[in-house]
Amino acid sequence: MIQKPKGTKDVLPDEIDLWNYTEARACDIFENYGFKEIRIPTFEYTELFERGVGDTTDVVQKEMYTFDDKGGRSITLRPEGTAGIVRSFIENGISSKPLPFKVYYAMPMFRYENVQKGRYREFNQIGAEIIGTASYLADVELISLADKLLKKLNINDIYLSLNSIGCPECRAKYQKALKEFIGKNINKYCDTCKSRFEKNPMRILDCKEKKCKELNQGAPVILDYLCDECKEHFENVKKGLDYLGISYAVDSSIVRGLDYYTKTVFEFISKTDGYTVLAGGRYDGLVKELDGPDTPAVGFAAGEERLNSLIPKEDIPSFPLDMYLVSMDEKFDIETMKLANDLREYLAVQTNISSRSFNAQMKYANKINAEFTIVIGEDEIKNKKCKIKQMETGKEELSKLDSESILNVIFEKFDDEF
Ligand code: ATP
Ligand code: MG
C-alpha cells in the first residue's frame, strides 16, 4: 500500500467542517479590517527565500524543499508566505498604487522538519501583511487583528509576548555586546549556534537546545540598545495596545526565526501546550532587500493546525444531510432522482445511486444521519402524494409530491425542530 509522505496529512470529510469554520471566521475578520485575499505561487525561485528569509535561518539552511526543474532552474516549495507576497508586491508595481497594501492568505507551506505533534512538513498558515506604512499604528492594528482572530475562534488560553529587535543600527551595537557575552562560552554551544556566531549571533537566542538556552541566561538585552527612534516606536506600540485593552508581556528572548524582522516582533503562545500559535513582526528592510523601493511593512502568520487543535469542539458547526429519498424499487430510481434534483434547490439531499434494496437504503439513511426521509413508490407516484418522516422523532406529515410543497410542509409542520 502506498502511504502519504511523512509529515503530510489527509483532511477527511468528517474533519472538514473545522477547517472551513476556521477559514471562514478568519476571512470575515480580515475583511472587516479592510484586508483583501492574495494568492501566490506554491513554488518560487530558490533565491527569493535565500535572500528574503535569510541564508542563516533554520528554514533556509535545513528545511526547504528545493529541486531543479526540467529547465535546470532551482525551485523551492514556499516555506512561508511573506517573501512571495513581497515579490508579488514589487513585480506588480503595487508601490505606485494607494498604500498601505493590506492582504491576507490561507495557504499550505512546506518545510522539511522533524515531524512531531504540531509540526508537519506540509502545514497551513493563515496570515496577513500590511505593506507601505512605517507607523506604529500599523503594528497595533495588526496585533489587534491577530488578537481578535484568536478571540473570535474562542482560543482564550493564550498570551502575547512582545519585543523589539530594533533596526540595523541599534542591532549592530547590540550584536557586538552579545558576541562578547556568547563568545566566552562559544565552545559549549551546539553546532548550529557555533555556525551562526559570526554572521547572525541573535539567532542563537532562538535556539531550542536546552544547554544553549541555559548558556543564554544573563545575555545582554536588545531593549537596552534601542536607538531613540526604535525606542519611541516600541513605546507607542505598547501604549496603543494598552489603550485597546490588549494585554502582553515584554519578552526579550523573542527574536523570531526569520531574518527579515525589524523593530516589533510578537508571538501568541498557547498556555495549554506552550506552542506558538501565531507569530509576526515588522520587516522594514525586506522590500528593498528584494530589489523593490524602500518600503516598510508588518505581518503575521498563524499555524492553522495549531489553531484548529485549540478551538473548542462544541463551537464547530456541522452540516448533516437534510433529506434522503428512498426509492421503493429500481423502476422509481430515476424519478426519485428528478425529485431530489428539484429539492436540491433548497436542501441537501441524497438518493439511491447504488442500486440498493429498500431496507438497505433505510439503513444507510439512518447511518448518515439524514434528518428527513421520503419513500417514493407506486402509490406516491400515482397519487402525487408522499409522507415526510423526521428520523429522530419518528413524526410523519403528508405532502404533495413536488419540491415546493415538501419544503412548505417542512417549514410549517416541523419548523421548531428543523
Ligand atoms: P517554530 O519556532 O515553532 O519553528 P517558526 O519561527 O519556524 O516557528 P514561523 O515561520 O513564524 O514559525 O511560522 C508561524 C507559525 O506557523 C508558527 O507559530 C506555527 O504556528 C506555524 N508553523 C511553523 N512551522 C510549522 C510546522 N512545521 N508545522 C505546523 N505549523 C507550523
Ligand atoms: Mg520553525
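The shell around ligand 1 comprises four nonpolar, five polar and six charged residues. The structure is a predicted model.

**Ligand 1 and its surroundings**

- Around ligand 1 there are 15 residues, of which R111, E113, R119, K208 and R256 come nearest.
- R119 places a polar side-chain atom 2.8 Å from an oxygen atom of ligand 1.
- Y120 approaches through its backbone, with an N or O atom 2.8 Å from a nitrogen atom of ligand 1.
- V277 also approaches through a backbone N or O atom, which lies 3.2 Å from an oxygen atom of ligand 1.
- On its own, ligand 1 has 590 Å² of accessible area, and the protein covers 92% of that area.
- Two or more residues of the shell come from each of the elements β6 (122-131), β10 (276-282) and β11 (297-303).

**Aromatic pairs**

- The model contains nine aromatic pairs.
- One of these pairs, F89 with F101, is tilted, with 5.7 Å from centre to centre and 50° between the planes.
- This pair links distant parts of the chain, as F89 belongs to helix α4 (residues 82-91) and F101 to strand β5 (residues 101-110), 12 residues apart.
- F89 counts as buried because its relative accessible area is 1%, below the 20% cut-off.
- F101 has a relative accessible area of 17% and is therefore also classed as buried.
- F266 and F268 form an edge-to-face pair, with centres 6.3 Å apart and 85° between the planes.
- Both members of this second pair are buried: F266 has a relative accessible area of 1%, and F268 has a relative accessibility of 3%.
- F30, F35, Y104 and F300 are joined into a cluster by ring pairs.

**Helix α5**

- At the start of α5, a side-chain oxygen of S135 comes to within 2.9 Å of the backbone nitrogen of L137.
- The buried residues of α5 are A138, D139, V140, L142, I143, S144, L145, A146, D147, L149 and L150.
- An α-helix has 3.6 residues a turn, so residues three or four places apart point the same way.
- After α5 comes N154, which has a positive phi near 65°.

Terms used
Residues are numbered from 1 along each chain as its sequence is written. Chains are lettered from A and ligands numbered from 1 in the order in which they are written. This is a predicted model: local features need pLDDT of at least 70, side-chain atom pairs count only at pLDDT 80 or more; totals for chains, interfaces and linings use all residues. Side-chain values use heavy atoms; hydrogens and water are left out. Buried means under 20% relative accessible area, exposed over 50%, partly exposed in between (1.4 Å probe, protein chains only). Helices (H or I, at least four residues) and strands (E, at least two) are DSSP runs, numbered from the N terminus. A polar contact is a pair of N or O atoms within 3.5 Å; within protein, one must be able to donate a hydrogen and the other to accept it, and residues adjacent in sequence count only if both atoms are side-chain atoms. A residue is near a molecule or strand if one of its heavy atoms lies within 4 Å of it. Accessible areas come from the Shrake-Rupley method with a 1.4 Å probe; for residues, only the protein chains shown count as cover. Ala, Val, Leu, Ile, Met, Phe, Trp, Tyr, Cys and Pro count as nonpolar, Asp, Glu, Lys and Arg as charged, and the others, Gly among them, as polar. Rings of Phe, Tyr and Trp (its six-membered ring) pair if their centres lie within 6.5 Å; planes under 30 degrees apart count as stacked, over 60 as edge-to-face and the rest as tilted.
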